[in-house]
Amino acid sequence: MNPRILSATVARILRQLRHDKRTVALLVAVPTVLLTLVYYMYADQPAPPGQPSTFDRIALVMLGFFPFIIMFLVTSIAMLRERTTGTLERLLTTPLAKTDLLFGYGIAFGLAGAVQAGIASAVAYWVFGLETAGSSALVIMIAALNAVLAVALGLLCSAFARTEFQAVQFMPVVVAPQLLLCGLFVPRDEMAGWLQATSDVLPLSYAVEALQEVGAHAEPTGTMWRDVAIVAAAAVLALVLAAATLRRRSG
Amino acid sequence: MADAIAVRGLVVDRGGRRVLHGIDATVPRGSVTGLLGPSGSGKTTLMRAIVGVQVIATGTVTVLGTPAGSPPLRHRVGYLTQAPSVYADLTVRENARYFATLHGRDRAEADRAVADVGLASAAGQLVGTLSGGQRSRASLACALVGEPELIVLDEPTVGQDPVLRADLWARFHALAATGTTLLVSSHVMDEAARCDRLLLIRDGRLIADDTPAAVRAAAGVDDLDEAFLRLIRAAEPDRSGEA
């Protein structure tokens, strides 16, 4: 990696995003709209005694979902566009290292995800009165980490997609099982053994557990830091695998 | 001085079909070499092999003294793909500056490359809003910006008006005069006359590797278009009776 090339690549990707005003507006507005929906869905539901309200429980996990889902899709499409327009082939004939490109995407869309999470969190805390025992900064940090994880998985999956149709299909393949098994719908320790085992190898499960730790404890817990480390390691692993599947030469 | 490009026994298969059948060719340094041939003859595949992005079956491709695609060459070779490969959602200037940075060049050099292809007045425009010809010149600016020693251009003049085409060819010769090597593909025969040397390729086989004057002499006609037709027919005696 070369710091000059990496930073130029990050700036280039963010500049492309900035020229696309509608995408920026959607990135900012959609989480707020969905949080509003969830707020009114559960507004009249009584909270179980001694537990956080249903909105608090769901909104906290949703703050981690938004950057994960959106950045996975955005990355898959962006990388596919690099392939189909020939810019990827051209980049690979320049001094740019494969890791410059992949970490460039990780950093650029990770930043975009952090901004999205920051705005969604501000709405959740200030408009809808979300309450967490721990700090909102930790929530945003975990959400941003989810964005990086999603970018890394998107880059890896884009190696296996030849068309836009295929790229979009990776979204249900990669994202849906992680959402279903992360512990939001059914607590993980109440799932059948094989589902629990599957959940244990899916990185989003750890991101959700980390968010729940922040929700329940005033101080960052050891479990939270362990989960954060697991998610970060999964992101790096996916980026390294993505670099390994990116070939300078093709048929 | 050694040749800029030396291709020996190059065989390439794409999509289960043999595209290049054992090409042997050399390109001298500091010249403009034209790679000519009909659509589908293997020009792009040969260029991809030279810039090192093509998987090859057998043979060797040596570029500036090292195997094609080796890391040091990424600083020394510029490549223009046939379809304009620039970011449609960036301006011309932003594209040129990005590729300039990759090659360790500054903003002034990026702006000069944009001016050199006649896009100074459109520098602030998004590439997606340009005409086809302007877009391919934006792509060309990004290939020239690193001042590479070898520039491989896949149909750089398609869609350009005659005045611009003449300007671009003058620019190519000015670069060659400073020692840069250019390999330029085209399927327009009138561009062949502008080259120092010609490689004529047909159905994945090289049928001529010479100067335009020698090609004319070998075919016995003055018109290069006619000369190519004769060479093609001479290379395929079994089809010489066909229209």
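Helices (H or I, at least four residues) and strands (E, at least two) are DSSP runs, numbered from the N terminus. This is a predicted model: local features need pLDDT of at least 70, side-chain atom pairs count only at pLDDT 80 or more, and totals for chains, interfaces and linings use all residues. Residues are numbered from 1 along each chain as its sequence is written, chains are lettered from A and ligands numbered from 1 in the order in which they are written, and side-chain values use heavy atoms, leaving out hydrogens and water.

**View 1. Helix H5 of chain B, from end to end.** H5(B) runs over residues 162–177, 16 residues in total. From first C-alpha to last it reaches 23 Å, close to the 22 Å expected at 1.5 Å a residue; the expected span is 1.5 Å times one less than the number of residues. At the start of H5(B), a side-chain oxygen of Asp161(B) comes to within 3.0 Å of the backbone nitrogen of Val163(B). Gly179(B) follows the helix, with a positive phi near 105°.

View 2. Leu164(B), Arg165(B), Leu168(B), Trp169(B), Phe172(B), Leu175(B) and Ala176(B) are buried (under 20% relative accessible area; exposed is over 50%, partly exposed in between; 1.4 Å probe, protein chains only). They lie on the same side of H5(B) because they cover an arc of only 135° around the axis. That arc is taken from the directions from the helix axis to the C-beta atoms. Val163(B) and Ala177(B), on the other side, are exposed. The cover over the buried residues includes strand S3 (32–36), helix H4 (132–144), strand S7 (150–154) and strand S8 (181–186) of chain B.

**View 3. Glu155(B) in its loop.** Glu155(B) sits between S7 and H5 of chain B. Its relative accessible area is 9%, so Glu155(B) is buried. Beyond neighbours within four places in sequence, Glu155(B) is in contact with Lys43(B), Gln82(B), Ser185(B), Ser186(B) and His187(B) (contact: heavy atoms within 4.5 Å).

**View 4. Helices H2 and H5 of chain A, crossing.** The axes of H2(A) (residues 21–41) and H5(A) (residues 98–127) come within 9 Å and cross at roughly 30°. Axes are lines fitted to C-alpha atoms, for helices over the stretch in contact, with angles from 0 to 180 degrees between N-to-C directions. Leu27(A), Val28(A), Pro31(A), Thr32(A) and Leu35(A) of H2(A) meet Gln116(A), Ile119(A), Ala120(A), Val123(A) and Ala124(A) of H5(A).

**View 5. Asp20(A), between two helices.** Asp20(A) lies in the loop between H1 (3–19) and H2 of chain A. Asp20(A) counts as partly exposed because its relative accessibility is 33%.

Key
A polar contact is a pair of N or O atoms within 3.5 Å; within protein, one must be able to donate a hydrogen and the other to accept it, and residues adjacent in sequence count only if both atoms are side-chain atoms.
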